[in-house]
Amino acid sequence: MSEDFEPKIVAFVCNWCTYLAADLAGTNRLEYPPNVRILRLPCTGRVDFNLIIKALEMGADAVVVSGCHPGDCHYTAGNYHARRRWILFRELLETMGIETNRIFFSWISAAESKKWQHMITEITDQIREMGPYTAYHEISEATA
Ligand code: FES
């Protein structure tokens with residue numbers, strides 16, 4: 001793996017919790033790797049899993065989905081729907097040969113800026129070790 005490799009991480013985050021945690025991390029000047037690109041959604045229940053595939057297709061080395069803790073979703077059960085969808089979707093991705101250990105799912109509340117900081121730091125380190133994600137295009141060409 002190249003010493004110069006810097007992972008590209010796409011994070012789909014809920015507007016009400018994880019986005020605010022990331023914002024608070026910035027306000028508190030908590031340092032974490034600048035490898036993450038945040039996409040704010042109203043709720044993790046709105047994460048269409050085609051978005052995750054699209055992120056990998058467009059060159060993301062890892063994808064994060066993060067929202068409110070169970071029981072705290074502002075739309076009652078969006079995060080439960082997201083979790084259920086993820087359980088089903090994960091099996092499908094594994095069947096297709098996609099490395100699901102590059103997709104992370106977490107609950108981070110608005111007050112948990114340090115949790116956000118630690119999670120992004122750990123994921124960045126982990127993906128640096130794993131190297132760039134190139135398998136998507138190999139799978140896509142093989143199934144075309
Ligand atoms: S509003 Fe945050 S996960 Fe639903």
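**Burial, sheet order and packing**

Q: Buried or exposed: how does T100 count?
A: T100 has a relative accessibility of 7%. The scale calls a residue buried under 20% relative accessible area, exposed over 50% and partly exposed in between, with a 1.4 Å probe and protein chains only. The model is predicted, so local features need pLDDT of at least 70 and side-chain atom pairs count only at pLDDT 80 or more, while totals for chains, interfaces and linings use all residues. By its accessibility, T100 counts as buried.

Q: Which residues is T100 in contact with, leaving aside its neighbours within four places in sequence?
A: Residues are numbered from 1 along each chain as its sequence is written, and side-chain values use heavy atoms, without hydrogens and water. T100 is found in the loop between α3 (78-96) and β4, where helices (H or I, at least four residues) and strands (E, at least two) are DSSP runs numbered from the N terminus. With contact taken as heavy atoms within 4.5 Å, and those sequence neighbours set aside, the contacts of T100 are R90, L93 and E94.

Q: Which strands stand at the edges of the open sheet?
A: The sheet has four strands in the order β2-β1-β3-β4, with parallel pairing; two strands pair if DSSP finds at least two bridges between them. Each edge strand has a single partner, so one of its sides is left without a neighbour in the sheet. The edge strands are β2 and β4 (103-107).

Q: Which residue of β4 is the bridge partner of G67?
A: Strand β3 (residues 62-67) pairs with β4 in the parallel sense, over five bridges. For G67, the bridge partner in β4 is W107.

Q: What angle does the direction of helix α4 make with that of β4?
A: Helix α4 (residues 113-130) packs on the sheet and touches β1, β2, β3 and β4. Axes are lines fitted to C-alpha atoms, for helices over the stretch in contact, and angles run from 0 to 180 degrees between N-to-C directions. The direction of α4 and that of β4 make an angle of about 170°.

Q: What is the relative accessible area of L41?
A: L41 lies in strand β2. Leaving aside its neighbours within four places in sequence, L41 is in contact with F12, V13, C14, N15 and V47. L41 is buried, and its relative accessible area is 18%.

Q: What distance separates the C-alpha atoms of L41 and M130?
A: Along the chain, L41 and M130 are 89 residues apart. The separation of their C-alpha atoms is 28 Å.
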